[in-house]
Amino acid sequence: MVEKRKDYVLFDENSQALVYGFQVNAVQRMLDFDFICKRAKPSVAAIIAPGQGVSHKFFYGTKEIMVPIYSDTVRAVSAHPHADVFINFASFRSAYSTSVEALNIKSIRTIVIIAEGVPERRARELIALAGKLGKHVIGPATVGGIAAGAFRIGNTAGTIENIVSSKLYRPGSVGFVSKSGGLSNELYNMLALATDGAREGIAVGGDAFPGSTLLDHILRFQENPEIKMIVALGEVGGEDEYEIVEALKQKKISKPLVMWVTGTCAKVFPTEVQFGHAGAKGEGGRKSADAKNSALKQAGAIVPNSFNDFNEKIRETFEKLRKEGKVKDLEEPGVPKIPKDYLKAVAEGLVRRPTNFVCTVSDDRGEEVAYNKVPLSKFFKDKKSLGSVIGHLWFKKDLPPFAVEFIEMALMVVADHGPAVSGAHNTIVASRAGKDLVSSLCSGLLTVGPRFGGAIDDAARCFKQACDSGAAPQAFIDSMKAKGLNIPGIGHRVKSATNPDLRVQILKDYAKKNFPKTKYLDYALEVEKQTLKKKNTLILNVDGCVAVTFLDLVSSLDIFTEEELNELVDIGYLNGLFVLGRSIGLIGHYFDQKRLKAGLYRHPTDDILYL
Ligand code: ACO
Ligand code: LMR
């Protein structure tokens, strides 16, 4: 059971917050603080952010945790009744209504309003409501605050590195309060150097009507026995600091209070200056920084002559406490290790890891994708065609025009061969079974193999090896027969010497006309002469023709080495031409059946022999 918190303690190591607004960076910073403080549980119980899902992943050290997200405050509170801090990142437009809702919820004890620009009337209404309900308000227009080693509000105290250098990962003896969040970061560092560090730091915000004043927090620090001295930063404009003067006079503040009111430079301006904070008007008279500093000094605060010796006064005060035995040397916990985000560490050259993938054919990281280092736009600028893209992405070569043309021809001749072939048949059946495009296409492509469409690479290998070895065609045929193997690239179910495959004719004619030499095609045609003697369907089929003409093409180009040609055959690039080309036809058959609204196909039983 968590011990009830003392009234003067707003935040401790068990405090949990509900964060209103999808502020994932601020939440991650709170969790990073929790981690280096070794908190038992995260300080953020939940996020309230309509439409942002049901949870969000965050790092907790190097591990990951899920923080739940709720669409409204009531749901979040009912799920997390122990979360008594409400950090409101709503904009000035909705900060008031969301803060009123939170204040009226019993379990919420402290609300922090980050937004600037909350109308003064609304701010005063919030102050009155909080007073009536006995709640605490920090802000508006604040970065928040921090309980060293225990609880951080949002982005308070800046980077995690600054938090570590300010030793805020463990409590010191100083209570600090300021109007300015920015100056607070500087003061946390100053306190770490001049004292044993802050125990708590609050930025009340720069509005004219803050939800809690500098004095409110000074009096809390006065009550907190763990706080031995108080440091405060006021601002020119307004009268808040005179409340502190009165409290000093009434001896309500007995601990050493080192305080400075910023904005003394206002006096050099000929007219009234409005400084950054809404409440910081460079007014003269008792609202001037000088007037406030001297009033504070007279009332007993320790006030430096300028901001420059603020640090010295703080140090002197702390040393005096140490001499009086009021502060003991802290047992410093080890400086916590800060997990660094991977991308940041990479950017800083702090980490490296081996990549799992290597890609040498394309790169999408630049302004536009590059195929084999050639920007896509250059293909269009140079009026290149699809064959050139294939040359770069498959072969990593800038193929000459006739090679590009040949590839496109090969794609065209293999694009389709009617609905009866096994590939088209499967695609049609799948399409009629209601399958989608990809499934139907894959169904057809799965028939591509050693007998249908997928014989190109085998044909290239066999014919190249036979031809290069100088084997006579008949000897090659006999050797394949002896192995019980069909010659890949030879034979067809319907095409024959008397019913020639014109696709083969197109490729043969092109090769004869354009290639410097066609030794592999010639060899294959010699083989065909022999095989046709056995059966007139044992023609050089389209797979075989693509294979041997491609061998002739590549061997006639001086951009491929012999090794690259052998690699091309060994790896088996060429079946890719059939797969790519035939996909065009299969997709056509898919659409055709969809257009026809063809129903489920069932094979007729009279076409099946039931043994
Ligand atoms: N090499 C040597 N002999 C063959 C070949 C061949 N490629 N194809 C068939 N034969 C022989 C058979 O061994 C058989 O001889 P046998 O009577 O002594 O037993 C005879 O010819 C008939 O064989 P079938 O298998 O009935 O012939 P079919 O016409 O059915 O085969 C097929 C056609 C499957 C294409 C076959 O020729 C073959 O497997 N070829 C090699 C693979 C190939 O190139 N496929 C691509 C086809 S084109 C395309 O798919 C786009
Ligand atoms: C095709 O290209 O699909 C054909 O050569 C195969 C066939 O049986 O027609």
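Okay, let's start with two helices: H17 and H22 pack against each other with an angle of about 135° and their axes 8 Å apart. Anything over 145 would count as roughly antiparallel, so at that angle H17 is oblique to H22. One thing to keep in mind throughout is that this is a predicted model.

Who is touching whom here? On the H17 side we have Ala460, Arg461 and Lys464, and on the H22 side Glu562, Leu565, Asn566, Val569, Asp570 and Ile571. Sorted by class, that contact has four nonpolar residues, one polar and four charged.

Now stay on H22, and look at its other partner on my list, H21. H21 covers residues 542–556 and H22 covers 562–571. Their angle is about 155°, and their axes are 10 Å apart. The two are therefore roughly antiparallel to each other. If you want the handedness, H21 passes H22 in a right-handed crossing. From H21, the contact uses Phe550, Leu551, Val554 and Ser555, while H22 brings Leu565, Leu568 and Val569. How many of those residues are charged? There are no charged ones: the contact has six nonpolar residues and one polar. Notice Leu565 and Val569, by the way: they turn up in the contact with H21, and they're in the contact with H17 too.

H21 also packs against helix H14, residues 401–414. Here the angle is about 175° and the axes are 11 Å apart, which makes H14 roughly antiparallel to H21. H14 puts in Phe402, Ala403, Phe406, Ile407, Val413 and Val414; H21 answers with Val542, Val546, Thr549, Phe550, Leu553 and Ser556. By class, that's 10 nonpolar, two polar and no charged residues.

Last stop, the largest pocket. It holds about 1200 Å³ of space. Its lining has 39 residues, and nearest the centre are Arg451, Ile490, Gly491, His492 and Asn541. Some of our helices come back here: H17 and H21 each give two or more residues to the lining, and so do H18 (473–482), H20 (519–532) and H23 (575–596). Which helix gives the largest share? That's H18, with five residues.

Note on methods: Residues are numbered from 1 along each chain as its sequence is written. Chains are lettered from A and ligands numbered from 1 in the order in which they are written. This is a predicted model: local features need pLDDT of at least 70, side-chain atom pairs count only at pLDDT 80 or more; totals for chains, interfaces and linings use all residues. Side-chain values use heavy atoms; hydrogens and water are left out. Axes are lines fitted to C-alpha atoms, for helices over the stretch in contact, and angles run from 0 to 180 degrees between N-to-C directions. Helices (H or I, at least four residues) and strands (E, at least two) are DSSP runs, numbered from the N terminus. Angles under 35 degrees count as roughly parallel, over 145 as roughly antiparallel, 65 to 115 as roughly perpendicular and the rest as oblique. A crossing is left-handed if the near helix is turned anticlockwise from the far one by less than a right angle, and right-handed if clockwise. Contact means heavy atoms within 4.5 Å. Ala, Val, Leu, Ile, Met, Phe, Trp, Tyr, Cys and Pro count as nonpolar, Asp, Glu, Lys and Arg as charged, and the others, Gly among them, as polar. On a 1 Å grid over the protein atoms alone, a cavity is a set of points where a 1.4 Å probe fits but cannot get out, and a pocket is an open set with protein on both sides within 12 Å along at least five of seven lines; lining residues have an atom within 4 Å of a point. Grid points are joined across faces, edges and corners, and a volume is the space filled by probe spheres set on the points.
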